[in-house]
Amino acid sequence: MQFHHHGYVSGDPRIQSPAGLGEDRPTELPDETDVLIVGSGPAGMLLAAQMSQFPGVSTRIIERRDGRLVLGQADGIQPRSVETFQAFGFAERIVAEAYNIAWMNFWGPDPANPQNIVRTARTEDYAFKISEFPHLIVNQARVLDYFAEAAAHGPGRIVPDYGVEFLGLTVQGDGTHPVEVRVRHVAGERAGEERIVRAKYVVGCDGARSGVREAIGRRHLGGSSAHAWGVMDVLVNTDFPDWRTKCAINSEAGNILHIPREGGYLSRMYIDLGEVPEDDDHQVRQTPIETIIAKANAILHPYTLDVKEVAWHSVYEVGHRVTDRFDDMTEESDRGPRVFLTGDACHTHSAKAGQGMNVSMQDGFNLGWKLGAVLTGRSPEALLATYSAERQPVAQQLIDFDREWSSLMARKPEEISDPQELANYYLATAEFPSGFMTRYEPSSIIAARSRQELAGGFPLGKRFKSSEVVRVCDGNAVHLGHHARADGRWRVYAFADAPAAGEASALGAWAEWMGSPSSPLARFTPADADPDAVFDVKAIYQQPFEDVDITAVPEVFLPRSGPLGLTDWEKVYAAAPSVWTDTDIFVERELSRDGVVVVVRPDQYVAAILPLQATAELAAFLDGVFLPA
């Protein structure tokens with residue numbers, strides 16, 4: 001990581017200096033704020049961490065609980081989420097404490113004795129083949145802790161306002177803070193006090209029973225299937241040989257999805273409780289834990305569980321619902337959205353696909369940089385309408401996937417013709433559960449796909465898939481995408497044509513234009529800001545790093561940052577194999593040897609692909625995203 005560019009840092013460099021409103025942040029919830037986040041779940045806490053990178057924007061997050069979450073229900077962390085953690089600066093630490101899913105094993109009835117189960121398949125987890133990031137299990141509470149730390153240590157110094165309950169809201173027609181939110185203090189010295197907080201924007205991150213969703217009249221469409229599952233986090237002694245391996249177990253007595261958890265001893269089990277009668281009236285939810293444990297033992301026969309402690313358990317009926325829109329816009333609206341929904345407030349489904357927390361966090365990531373850009377004056381308010389347009393289709397894809405996966409998991413042995421079918425489905429659909437299938441359609445922030453052939457390995461609208469390169473200044477092999485941080489900046493990767501640094505080239509001409517007074521870099525970067533405050537511009541040469549003369553690199557790739565005007569040496573990379581790496585990003589990502597520019601949004605999605613010569617097209621695209629500084 002980079003630091004010292006604003007002066008010598010003697011302490012933890014992850015704790016950024018407070019700035020803007022973070023320098024004197026009010027302890028008490030104020031009467032007015034730019035952004036009010038309702039709920040401190042995964043989407044809410046990621047959103048707070050993102051907004052902390054915009055210290056000129058007043059952001060508050062209210063939570064009815066009187067403190068941090070102690071025990072979370074979600075635990076599956078897909079590779080795309082780990083990639084997101086990396087952008088927020090804590091991937092390595094959370095990976096160290098998490099359970100890493102290396103394999104998934106499948107069990108079914110023993111053909112020789114169907115009362116017993118036998119292992120039918122052992123599959124390497126999809127994360128190994130699809131990403132450099134692992135597939136993890138870690139308690140939701142710890143994920144929230146890390147995001148809370150990022151929010152508190154960011155320049156905005158955002159911390160939750162605990163003990164504040166959302167009661168309702170109304171959107172007024174005008175005013176600088178048109179959303180009036182009724183809240184009640186439920187803890188502390190002000191317990192019982194009701195008041196009004198006015199905001200420019202409100203984000204409902206308040207779960208499946210969202211009060212914000214109800215307040216803006218949105219409908220949660222869908223229903224529950226007639227099938228129930230018990231779930232429990234347990235510490236046990238057992239003779240089941242795959243206790244520390246993720247397993248899908250199908251037997252004459254029912255089904256189990258077994259997921260080891262962090263710490264080496266704890267495991268989560270989803271136990272099939274069978275069909276639910278139409279007249280059950282949710283009575284199945286009262287199933288005692290003893291019954292769930294007995295059912296688990298019946299399914300695992302001939303193996304047994306001796307449960308020593310139940311850390312948490314619940315019973316749920318599989319539900320699949322998605323909200324009709326993720327903001328408060330209507331066809332009759334003559335304004336932009338003022339209220340947004342994220343996470344379970346706008347999509348709910350079963351827990352067995354391990355998607356809820358992951359998709360919720362991506363909701364927050366998608367919305368956060370857009371709110372920051374609009375409220376800092378970088379982008380027009382129309383940008384905010386893209387949130388619902390982009391995330392609602394993703395939620396529907398999630399519902400469709402989860403419905404199919406849940407149905408496969410709930411089958412009876414006689415309904416399974418091929419014992420390998422579930423394992424094959426698990427691997428064949430890996431891109432979706434890993435979080436990498438999302439592809440946003442062309443819009444004001446995703447260019448048309450007419451130039452895709454220049455960078456086949458960076459699909460427009462999909463997340464930027466990193467690859468190893470060599471940093472020229474020090475010769476270290478690094479992942480190009482890992483240098484990006486969740487700081488609200490756009491990334492512009494300029495992949496060079498064949499000539500070396502210092503020789504006449506298309507990259508040199510592009511760099512000269514990008515550094516000129518008429519370029520987007522000059523037009524959209526505030527005069528008093530660092531040159532890379534809005535656009536993080538990087539060069540990737542085709543040669544080995546030993547052959548790149550960094551002193552001959554154009555100045556736009558060596559910006560001077562901070563009050564001391566120090567040169568940033570870490571924006572120049574080499575692609576060709578060398579002593580440190582045998583990869584070539586031009587080959588791996590199918591990049592044109594004539595050079596290509598790849599523009600990436602703050603949430604890591606590829607926004608535009610253009611040849612180096614298409615400066616007018618690049619300027620036109622960015623004109624639709626930004627406002628002049």
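Which residues in α1 meet which residues in α8?

Reply: This is a predicted model, in which local features need pLDDT of at least 70 and side-chain atom pairs count only at pLDDT 80 or more, while totals for chains, interfaces and linings use all residues. Residues are numbered from 1 along each chain as its sequence is written, and side-chain values use heavy atoms, with hydrogens and water left out.

From α1, the residues are Pro42, Ala43, Leu46, Leu47, Gln50 and Met51. They meet Met357, Ser360, Met361, Gly364, Phe365, Leu367, Gly368, Trp369, Leu371 and Gly372 in α8. Contact means heavy atoms within 4.5 Å. By class, this contact divides into 11 nonpolar, five polar and no charged residues. Here Ala, Val, Leu, Ile, Met, Phe, Trp, Tyr, Cys and Pro count as nonpolar, Asp, Glu, Lys and Arg as charged, and the others, Gly among them, as polar.

Now the geometry. Helix α1 covers residues 42-51, and α8 covers residues 356-375. Helices (H or I, at least four residues) and strands (E, at least two) are DSSP runs, numbered from the N terminus. The axes of α1 and α8 are 8 Å apart, and the packing angle is about 30°. Axes are lines fitted to C-alpha atoms, for helices over the stretch in contact, with angles from 0 to 180 degrees between N-to-C directions. α1 and α8 are therefore roughly parallel to each other. Angles under 35 degrees count as roughly parallel, over 145 as roughly antiparallel, 65 to 115 as roughly perpendicular and the rest as oblique. The crossing of α1 past α8 is right-handed. A crossing is right-handed if the near helix is turned clockwise from the far one by less than a right angle, and left-handed if anticlockwise.

α8 has another partner, helix α2 (residues 79-88). The axes of α2 and α8 come within 10 Å and cross at roughly 40°. That makes α2 oblique to α8. α2 passes α8 in a left-handed crossing. On the α2 side are Arg80, Ser81, Thr84, Phe85 and Phe88. They meet Asn358, Met361, Gln362 and Phe365 in α8. This contact has four nonpolar, four polar and one charged residues.

Next, the core. A nonpolar core is a set of buried Ala, Val, Leu, Ile, Met, Phe, Trp, Tyr and Cys residues joined through side-chain atoms within 4.5 Å. Buried means under 20% relative accessible area, exposed over 50% and partly exposed in between (1.4 Å probe, protein chains only). The largest nonpolar core has 116 residues. Phe147, Leu371, Trp490, Trp510, Phe535 and Phe557 touch the most other members. Helix α8 gives this core its largest share, eight residues. Leu371 is also one of the α8 residues met by α1. A second, separate core has 23 residues, including Ala228, Phe240, Ile249 and Ile289.

Leaving out residues up to four places away in sequence, Phe557 touches Ala494, Leu507, Trp510, Ala511, Val537, Lys538, Ala539, Asp568, Lys571 and Val572.

Last, two loop details. The peptide bond from His301 to Pro302 is cis, with omega near 20°. Pro302 is found in the loop between α7 (289-300) and β16 (305-323). Arg157 is not a glycine, yet its phi is positive, near 50°. Arg157 lies in the loop between α5 (140-153) and β8 (161-162).
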